[in-house]
Structures are given as structure tokens and as C-alpha cells.
Amino acid sequence: MTNLARTFEAERGALVGLAYRLTGSRADAEDVAQDAWLRWRKVDTETVEDPHAYLATVVTRLCLDRMKSARARREIYVGPWLPEPIVDETLGAGPGGELAEDLSMALMLALERLSPLERAAFILHDVFDLGFAEVARGLGRSEEACRRLAARAREHVREDRPRYPVAPEDGRRVIEAFQRASELGDVKAISALLTEDAVFLSDGGGRRVAALRPIEGASDIASFIEGIATRRGAFLGLEVRPATVNGLPGLVARSPEGELDAMGFEFEGGKIRAIYVVRNPEKLSHVRF
């Protein structure tokens with residue numbers, strides 16, 4: 001392997017992580033990393049002082065183009081949009097390590113509400129620890145403008161980072177109880193496992209049956225799940241395994257027909273405060289049961 005290739009491979013995980021946080025798509029992130037490699041191969045590396053910052057800039061510019069078209073597509077998306085789930089892995093957040101909390105569904109949805117430039121400035125500076133000089137070069141804006149972009153983004157997403165971490169064994173115990181109650185359609189038991197203001201989001205993308213709006217409140221969520229269990233028999237023959245979904249305790253389920261669901265759970269005070277269910281098969285091609 002050449003020095004050029006070794007340098008890039010050392011950065012690949014962080015670059016895929018950066019592209020995923022920018023686009024919300026694992027497939028796009030892999031494509032962007034490959035495009036960045038094709039550009040890196042043509043670079044005179046003797047002129048590159050900081051390969052990490054240089055490659056992060058390349059990836060950001062490639063992602064900004066994709067983000068503009070993605071925003072237009074999501075305006076006509078059927079039902080709630082969720083990012084492609086990251087199942088049983090983390091994506092690097094730069095040289096300092098891997099930050100699972102920066103993959104959470106709540107934070108990814110908060111990032112989705114930002115403008116592309118706000119999102120890029122925040123992720124490059126706050127997650128990937130690039131200085132504002134490097135951020136400015138990547139975004140083609142002044143350092144002061146990038147500081148303002150990151151500050152606005154930080155204000156919007158501050159409340160959406162996971163604030164109530166749960167021990168893995170405790171999360172698994174609650175999820176197992178939730179799974180049993182759901183299979184039985186036990187409204188009382190389901191409600192008892194949810195916070196009063198819990199929210200349920202499911203993303204079918206118009207390709208599989210899913211709730212077309214967020215379902216809010218423990219009683220409404222419990223009634224919805226009871227209806228699935230008793231009226232449609234959706235849990236019959238379902239195989240389920242534990243998983244980590246975007247850094248959250250979760251499940252991967254497989255129907256008798258081979259269709260997959262990926263579910264992540266957020267917690268508060270030992271109860272479930274949010275359930276994220278990805279059903280769109282276009283977002284699950286990389287998930288293994």
C-alpha cells in the first residue's frame with residue numbers, strides 16, 4: 001500500500017462518520033468517501049500540511065451538494081423521515097475517537113432542521129474539532145461567519161443530545177419487557193414502560209406500512225401498538241435480536257417474509273421516552289439479522 005493510500009485509509013472511518021452526520025445517509029457517506037479518495041489520488045500531498053483537515057474539507061464540499069438535493073426530496077417524503085440507522089457500530093468522529101451520542105436519532109433529526117451551512121459548521125467544529133480557520137476554508141465563508149453558523153446550530157441542537165444515558169443492562173431489560181407487552185397487545189403494560197410525553201416515529205418511506213405522523217403520548221402509543229398486535233397480527237412469526245441503533249439500545253426484527261425493521265429506544269428516568277422505527281427497505285440494505 002502506498003503512503004497516499006495509507007494516509008487515506010487512516011482517515012476513512014472519520015470521513016464516513018463526517019459524511020453520515022452531514023447527510024443522514026450511510027450509502028451517501030460511503031459514496032462521498034469514495035469520491036474523496038478519487039480526488040485524494042490526484043493531489044500533490046507534499047503541499048498538504050494537514051491531511052485530516054484537507055480531506056474533511058473535500059468531504060464537506062461533496063456533502064453540501066448532496067444535502068441541497070436531499071432537502072428537496074424530503075419535502076415530498078411520505079411520513080416521518082429518519083436517518084439510515086447505524087446498527088451495531090459507531091462511525092468515527094475524528095482523531096479524538098468515536099462519539100455514539102452524536103449519532104443519536106434525536107440529534108440527527110435536530111441537525112436535519114438546520115441549514116446545510118449551519119449543520120456543516122457545527123459538525124466540523126464541535127464534533128470533528130476543526131478550528132474555524134479550517135471550517136472557513138471548507139465552507140468558503142469568513143471565520144466570523146462560520147462562528148455565527150456554529151453558534152446558531154449549537155443553540156438549536158443543545159437540547160437534543162441524549163441527556164439520560166441508561167446502563168446497557170437496564171435498557172435491555174426495559175426493551176425486553178416492552179417487547180413482551182407489545183406481542184400481547186397489553187396496553188396497560190406498554191403504557192407503564194413509557195414516559196407520559198413519549199413519542200413514536202416510524203419511517204416507511206411509502207414503501208412499507210408505517211404511521212404517517214409522529215404518535216405522541218404513552219396512551220396513544222400503547223393503543224397504536226395494541227392495534228398492530230391484535231388487528232393485524234404483525235408480531236406473529238417475527239424474529240427479534242438485540243442491537244445498538246445509532247448508539248441507542250435497540251432491536252432488529254425480521255418478518256417471515258424477510259423484511260427488516262431497526263428500532264432504537266431513548267430513555268428518561270428508567271422509562272422509554274422515544275421509539276424510532278426504520279422500516280424503509282432502502283435504508284436497511286446494510287443491516288444484517
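1. Overall form. The protein has 289 residues, a length for which a compact globule would have a radius of gyration near 19 Å; its own value is 20 Å, which agrees with that expectation. The model is a predicted one. Taken along the principal axes, the C-alpha atoms fill a box of roughly 65 × 40 × 40 Å.

2. Secondary structure and packing. The chain forms 10 helices and six strands. Buried residues account for 50% of the 289 residues. Of the contacts between residues at least 6 apart in sequence, 66% join residues at least 24 apart.

3. The largest pocket. This pocket has a volume of about 650 Å³. It is lined by 31 residues, and those closest to its centre are Ile 228, Ala 234, Phe 235, Asp 261 and Arg 279. Both helices and strands contribute: helix 8 (168-184) and helix 10 (218-232) each supply at least two lining residues, as do strand 1 (194-203), strand 4 (248-254), strand 5 (260-268) and strand 6 (271-278). By class, the lining comprises 20 nonpolar, four polar and seven charged residues.

4. The cavity. A search of the whole structure finds one cavity of 30 Å³ or more. The largest cavity holds about 60 Å³ of space. Its lining consists of Leu 22, Thr 23, Met 67, Ala 70, Arg 71, Arg 74, Glu 112, Leu 114, Pro 116 and Arg 119. Helix 1 (3-23), helix 3 (51-74) and helix 5 (116-127) are the elements that give two or more residues to this lining. Helix 3 provides the largest share, with four residues. The lining divides into five nonpolar, one polar and four charged residues.

5. Cysteines. A disulfide would require the two sulfur atoms to be within 2.5 Å. Cys 146 is likewise in no disulfide, its nearest cysteine sulfur being that of Cys 63, 16 Å away. Across the whole structure, the search finds zero disulfides.

6. Burial of the cysteines. Are Cys 63 and Cys 146 buried or exposed? Cys 63 counts as buried because its relative accessibility is 0%, and Cys 146 counts as buried because its relative accessibility is 0%. The cut-off applied here is that a residue is buried under 20% relative accessible area.

Methods
Residues numbered from 1 in each chain as written. Predicted model: local features only at pLDDT ≥ 70, side-chain atom pairs only at ≥ 80, totals over all residues. Heavy atoms only, no water. Buried < 20%, exposed > 50% of the residue type's maximum accessible area, 1.4 Å probe, protein only. 1 Å grid on protein atoms, 1.4 Å probe; cavity = no way out; pocket = protein on both sides within 12 Å on 5 of 7 lines; lining within 4 Å. Points joined across faces, edges and corners; volume = space filled by probe spheres on them. Nonpolar A, V, L, I, M, F, W, Y, C, P; charged D, E, K, R; others polar. Rg over C-alpha atoms; globule rule 2.2 N^0.38 Å. Contact = heavy atoms within 4.5 Å.
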